[in-house]
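Thanks for coming, everyone. Let me put the model up and walk you through a few spots.

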Amino acid sequence: MKLKYLLGSVVAASASIASAAFAETVLRLDEVAVGELDPAKASDYADSILMFNVYDTLVLPNQGGPGHSGHLAESWSSEGATFTFNLRDGVSFQSGNTMTAKDVVYSLDRAQALGSGLSYLFAGVSAEAIDDSTVQFTLGAPNAAFVASMVRLPIVDMAYVEANKSDEWGESLLSGTSAGTGAYSVVNHNPQEETVMAKWDDYFLGVADAAPDTVRLRYGLEAATVRTLIAQGEHDIASQWLPPEVIKALSDNGAQLLTETGTGAFYFKMNTTKAPLDDVNCRRALASAFDYATAIRMIAITDDVSAGSPSTGAIPVGMFGANGTNMVQAQDMDAAKAHMAACSYDFADYDIEVSWIAEVPLEERFALLMQSNFAQLGIKSHIKKLPWALFAEQVSSPENTPHISQLFVNAVTGDPDTLLYGMYHSSNPGTWQSPEYLNDAEVDAFLEAGRAAGSEAGRQEAYAGLNARLMDLAATIYGFDRQSVFAASNRVRVPAMTDPSMAFGLDGLGFSFRLMEMTE
Amino acid sequence: MSQLVGILVRRIGISVVVLIGVSMLIFAIARIIPGDPARIALGPNATAEQIAKLRGEMHLDENIVIQYGFFIKDLVSGDLGTSLYTNRPVTLDIAQFLPATLELVFLAGVIMVGLGLPLGILAARFRNKWPDHLVRALALLTVSAPSFVWAVILMLLCAYYLPLFPIAGRLSDIYEIERVTGFLTIDTLIAGNVAAFLDVWHHLILPAVALALSGIGQAARLTRANMVETYEKPYIEMAQAYGFFPHRIARIYAFKPSLIPSLTIIGLDFAAMLGNAFLVEAVFAWPGLSRYGVNVILRKDLNAIMGTVLIIALTFLIVNIIVDLLIAVLNPRIRHSTRVQS
């Protein structure tokens, strides 16, 4: 009898081990709708997650430090405005086609022709396939940020697109299927509901067994739904857009918190063309009156984790030109009063308009904080809620741009050029990023020097100068350096978002599924 | 029969005129919503040249009458254009999202009628007694809270604390069903997968109940009020005097005339659920047309707005035609008045 039980136990244990060994692991996460699968149109966070997993780029940011390493490219060199990349041999697309320099040229041409997403990064750039494994890019002018911009040029399988397309650039095809070299291929894609991806075992770098076999990226889940799903063990990683109190509640219930220290910040942008903010002393008064410490407390999630870190200046910590972490900004009402006294306008004659974007409820809290801070100086202000679409329309003219606009902005390539040039160069006034309408020759010169510098030291010097000049001009109140926080189940390990030495420093790249480990 | 055909033809004629009116109105309103659709579609980093190019492709620089002409020309050929929100043909989006909403709304409608009317009859039959008080209290409770509140409450009660129902979606991950009609209740049967068929119904129940609850209360209250009024009519007193059984009086003499006003309201409620389903769809992660509709309005996706509104308007009109026909069947005076008019 005992032998029978023992035998039974052994069989049961073997079956259990076998089923565990062969059980498919599924990672479930969510993002805001919609998921754009076409890599040439990718711009949002969900799009980036899809792009970084289904496609590959010539270079990737180094993990845990500055600079870039080759990915599809083995090496590169530059001479003036010409960059030459040597491609890795033996890389296959998911279709089985071999990746060559022609695919790189096609990917650039396609992105430029469609003109969507982040294609503006490649304006004025042309590419030529020197041979199958060498591609040469020619720029209009030297640009030190060009290599960084390569992280936004996913390489598309030209032969596959040409063979299956129903329109000139295969837009219909690539909005529903994958044509990349990435570690995951698309099984099913519904842009409003879910994208299902499966691990591609022939990935050129190989994929660890512990990486999820299947990934289900869901779109548009409500906070209450995500909270219930995670509590029931039916969801693994929540989007960063959950309210802080929900992330905290999930953390209190045992969820782990993943962080992605980005390359961006939260800004209060002042319209420098509108009285009284066309006077630098008036702007300095407002910047000094802002309560930075309370702003940081408002975004704290737990005692240890926050959705941001204190701002030290105009450039986020970790980028070229950033100030040290000992230079945290703080409210200084005495300085504010002194600046106010030096201001050529009487604030009593003005009612400062503080806008907030309707889709980001957190901004209303910051608007109320500003109103309270300004009231301490006797400055009148009113709060205006603006839907994003209306805001983007209004900032196209200085007269319609509010006195103060609140914005999250990040460097789409991780390079300070893509964060700062669009915000502050006088050639880009009146975009959603530049409601300051700043027009300063010194700022322009620093930005151009940062772009043209041939060495890291040169870039550091240019951006440090820019930082100092921007702080002096006080066109922007630098609220905090942004950090994305994600609540996650303990079924998944994400080293790129828990270990700073593994972090990429680029939004969305932390969600490289091939680098994740499923524990169940 | 010919009277009913006459009513049908008249209603269809009116519906076509209404649809044209709706298309003109929405076409104009969609263009008044703040924001440049091309700028929104291309994203915040698009250059002025890219925006100008897309505006040209969308005829946005033309006169609004000419724009409407382009829209009608494409509509006649079955082309609703491309959605700037999903970057796919609007017809494809509607084909994908509409069945999910129709499945949800249809079941919610059945629940609303199946529970609302009997509860109303029960309350009227036992008016001013405890069943009446109970039904009225329940009806008040369900009517006073909007669908999305019920959605969250039901999800917490029946999926979180008591894990009886799934939390999100239309079908569990373990099933891969080929989408033939888009109606998963049908597609699972076509696939011959009974387990998946049951799973679809399992997913449907909670959101459908959440959507139906306020309608149930309204239908019950309306039916009760109409029946109580009918009970005071002399012919009911006469039936009672003749000694007819109370349930016969309720079923035949009180319910049928009371149903006509209830039916009109239920018909409107049923069609309105298409729009109201948005929040329930959001809570249960239901990939339906209502959610799509709200998202495309927020993004000023002109083609998708037109497509969604026209489909909802069309469904609304179809339901109204069915209700009108039912009322005509139930009420001979309406059939007669139609004959006299014609």
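In chain B, α6(B) passes α9(B) in a left-handed crossing. Keep in mind that this is a predicted model.

Where are these helices? Helix α6 of chain B covers residues 130-144, and helix α9 of chain B covers residues 194-231. They pack at an angle of about 140°. Their axes are 7 Å apart.

Who makes the contact? From α6(B), the residues include B:Val135, B:Leu138 and B:Val143. From α9(B), they include B:Leu213, B:Ile216 and B:Arg224. By class, this contact has 8 nonpolar, 4 polar and 2 charged residues.

Now the chain interface. In chain B, 34 residues are in contact with 33 residues of chain A. Several helices of chain B each supply at least two residues to that side, among them α2 (37-42), α5 (90-125) and α11 (246-283). Which one gives the most? That is α7(B), with 4 residues. The side of chain B that touches chain A divides into 19 nonpolar, 9 polar and 6 charged residues.

Last stop, B:Val5. Look for B:Val5 in helix α1 of chain B, residues 2-32. Is B:Val5 buried or exposed? B:Val5 has 10 C-beta neighbours inside 10 Å, so it counts as exposed; the cut-off is 12 or fewer. Now find B:Leu325. B:Val5 and B:Leu325 are 320 residues apart along the chain, yet their C-alpha atoms are separated by 9.2 Å.

Technical notes
Residues numbered from 1 in each chain as written. Chains lettered and ligands numbered in written order. Predicted model: local features only at pLDDT ≥ 70, side-chain atom pairs only at ≥ 80, totals over all residues. Axes fitted to C-alpha atoms, helices over the stretch in contact; angles between N-to-C directions. Left-handed = near helix turned anticlockwise from the far one by under 90°. Contact = placed C-beta atoms within 7 Å. Nonpolar A, V, L, I, M, F, W, Y, C, P; charged D, E, K, R; others polar. Buried ≥ 20, exposed ≤ 12 C-beta atoms within 10 Å, placed from the backbone.
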